[in-house]
Amino acid sequence: MQPRIEDYALIGDEQTAALVGRDGSIDWLCLPRFDSAACFARLLGDEENGHWRIAPKGADRCTRREYRADTLVLDTEWETAEGTVRVTDLMPQRDRCPDVVRIVEGVSGRVTVHSTLRLRFDYGVIIPWMRQSGGHRVAVAGPDSVWLRSEPAVRTWGENFGTHSEFTVAEGERVAFVLTWHPSHEPRPPLVDPYDALRSSVTGWRHWTARCRYNGPYRQEVVRSLITLKALTYAPTGGIVAAATTSLPEELGGVRNWDYRFCWLRDSTLTLGALLSAGYHKEAEAWRDWLLRAVAGDPGDLQIMYGVAGERRLPEFTVPWLSGFAGSAPVRIGNAAVNQLQLDVYGEVMDSLWLAGRAGLPTRPHMWSLQGVLLEWLREHWRQPDEGLWEVRGGRRHFVHSKVMVWVAADRAVRTLEERPDLRGDLEGWRALRDEVHREVCERGYDPVRNTFTQHYGSRELDASLLLIPRVGFLPPDDPRVVGTVDAVWEELGHCGFVRRYDTEETPVDGLPGGEGAFLACSFWLADALHMTGRTGEAKKLFERLAGLVNDVGLLAEEYDPVAGRQLGNYPQAFSHIALVNSALALFGEDGAG
């Protein structure tokens, strides 16, 4: 049976991540980085595209599973006629090379367990050469080498281009498997003790989660979201990927399948706010520093997304040998939206750096001069149409959200100079820019007949990004135009109690066929907007519905299909979890923030 997206749990080492299904199969893993080629790609194809399953012989889905409290260590249990067995999965913090540790433990009775490993490098297409070496099974193909060992050694053999193991565990007995990747031209890295790795991982994660300042309602969901955000962080640089996957569909069987294993500037302010408010200043500083490095250079070359180390070239191509999740093709690698113009990212950068300064994060050399150069470029180019926040592929328009974020860029520069007169900048010129943009948006982006801002100039369509107008301070929450916009978005984009980004049926602006589910981050934004406009009771009810969508281990994808009752889109989605944290802090922060 085809798993659902929410059937997967996440493990990771802050440089890459794996998805583990309810059947005990790791169906997605890219090595050595989030954006590397997958060696397990069953998620987007079938078993022949690579996976690693450990489960009781003849068993299917597990009986139960959960993360160990406040960690990213996953326990999966099966109850069988012969007894109960537990598989503990983790990826320990790496010294040099990534490891996947899987510990099988007998809980009761005597249970026969089977392991099937099918390595398929380069997104599920390259079958490696296998050999034995000193108790290891060694796979090599081009630049990739993987070593597999068990402690104690168990019966292992090759069959049908897979590596199989079978053994029996009684109560209290344990068998540990360790899979290690390294560049094939280098010697095998030092061995990892699986039990030391388990202990240190549990201790490390619990030490980290203990820093969370939030102790209010839904703390479990907030902490799990923060752990997920940490797991999606590329530790060497501080960059945070949007999701661990590519091409999980926004519509089953549809073509809206994108690669999200990169770092988006649009997420920067909301991410920074969540980390700072929850007490994670070190992580917020690392994200801010990644942002500064990524955007350095000619302001006209600013991109909407970058690689985890700030790489600029992210060419998009399709892989025809993968059928796609639930037949949703094409499977895309890379993201062509990297070449789009999105004026809103200039505002995101300026807002993030403003927020970082307000929070007391240490400044960096040339940080202000970089902001000045960005704003001067924006002053010359803000009147251009762009592709907007949602990376539409149906042509450029004058998106209202983009223009609002231009206003944000100018506003944050003005406020910085007002507070820091020792800094150099064109205060009067930037004030004039701020006023001009504000005036134009209110004249051209607002529909007085319907009392709502619109998706783009001259349109009747709405966009959920308009819900951010009071959040960024463009207008106060009690302005009748804000209240009218919140009501209009809720009425026209509401879908079974949640919110869509925009209308994909009547006159889709994105130039793509098909539709999509309710967008979870936008639904949280509605909760925030309702709260800001004085409708806190409604906001809390919406938040409760949204928090109830997390799967059994607390994870959210990008979207939700309320009719089919299933998650959609790439997974787990940083944007969704960031929005959950920010909404919880906004709604319950007075009761729960330390």
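1. In what order do the three strands of the open sheet come? The order is β26-β27-β28, and the pairing is antiparallel. This is a predicted model, in which local features need pLDDT of at least 70 and side-chain atom pairs count only at pLDDT 80 or more, while totals for chains, interfaces and linings use all residues. Residues are numbered from 1 along each chain as its sequence is written, and side-chain values use heavy atoms, with hydrogens and water left out.

2. Some terms are needed for that sheet. Helices (H or I, at least four residues) and strands (E, at least two) are DSSP runs, numbered from the N terminus. Two strands pair if DSSP finds at least two bridges between them. The edge strands here are β26 (518-519) and β28 (566-568), each of which pairs on one side only. Strand β27 (residues 559-561) is joined to β28 by three bridges in the antiparallel sense. Glu559 has Leu568 of β28 as its bridge partner.

3. Strand β8 (83-90) deserves a look for its burial. Buried means under 20% relative accessible area, exposed means over 50%, and partly exposed lies in between (1.4 Å probe, protein chains only). Eight of the eight residues of β8 are buried, and the strand is described as mostly covered. Gly83, Val85, Val87 and Asp89 point one way, whereas Thr84, Arg86, Thr88 and Leu90 point the other way; all are buried.

4. The neighbours of β8 are as follows. Strand β7 (residues 74-79) runs antiparallel to β8, with six bridges between them. A hairpin of three residues connects β7 to β8, and Thr76 stands opposite Val87 in β8. Eight bridges join β8 to β9, again antiparallel. Val85 has Gly106 in β9 as its bridge partner.

5. Strand β10 (residues 129-133) is joined to β11 by five bridges and runs antiparallel to it; Ser133 has His136 of β11 as its partner. The β10-β11 hairpin has two residues between its strands, and Gly134 in the turn has a positive phi of about 55 degrees. β11 and β12 also pair in the antiparallel sense over five bridges, with Val138 opposite Trp147 in β12. Their hairpin has two residues between the strands, and Gly142 takes a positive phi near 60 degrees.

6. Which residues of helix α2 are buried? They are Pro194, Tyr195, Ala197, Leu198, Ser201, Val202, Trp205, Trp208 and Thr209. Seen down the axis, these buried residues fall within an arc of 170 degrees (taken from the directions from the helix axis to the C-beta atoms), so they line one face of α2. An α-helix has 3.6 residues a turn, so residues three or four places apart point the same way. Arg199, Thr203 and His207, on the other side of α2, are exposed. The cover over the buried residues (contact means heavy atoms within 4.5 Å) includes β8, β9, β12 (144-151), β15 (174-183), α3 (219-231) and α5 (281-295).

7. The length of α2 can be checked. The expected span of a helix is 1.5 Å times one less than its number of residues. For the 16 residues of α2 (residues 194-209) this should be 22 Å, and the end C-alpha atoms are 22 Å apart, which agrees. At the start of α2, a side-chain oxygen of Asp193 reaches to within 2.9 Å of the backbone nitrogen of Tyr195.

8. A salt bridge is a side-chain nitrogen of Lys or Arg within 4 Å of a carboxyl oxygen of Asp or Glu. The count by this rule is 59. Arg42 and Asp27 form one, with their closest N and O atoms 3.3 Å apart. Arg42 is in the loop between β4 (38-40) and β5 (51-56), and Asp27 is in strand β3 (residues 25-30), 15 residues apart. Both are buried: Arg42 has a relative accessible area of 18% and Asp27 of 1%.

9. What joins Arg65 and Asp552? Their side chains meet in a salt bridge of 2.8 Å, N to O. Arg65 lies in strand β6 (residues 64-67) and Asp552 in the loop between α12 (536-547) and β27, so the pair ties together parts 487 residues apart in sequence. Arg65 is buried at 8% relative accessibility, while Asp552 is partly exposed at 39%.

Technical notes. Polar contact = N/O pair within 3.5 Å; in protein donor to acceptor, adjacent residues only side chain to side chain.
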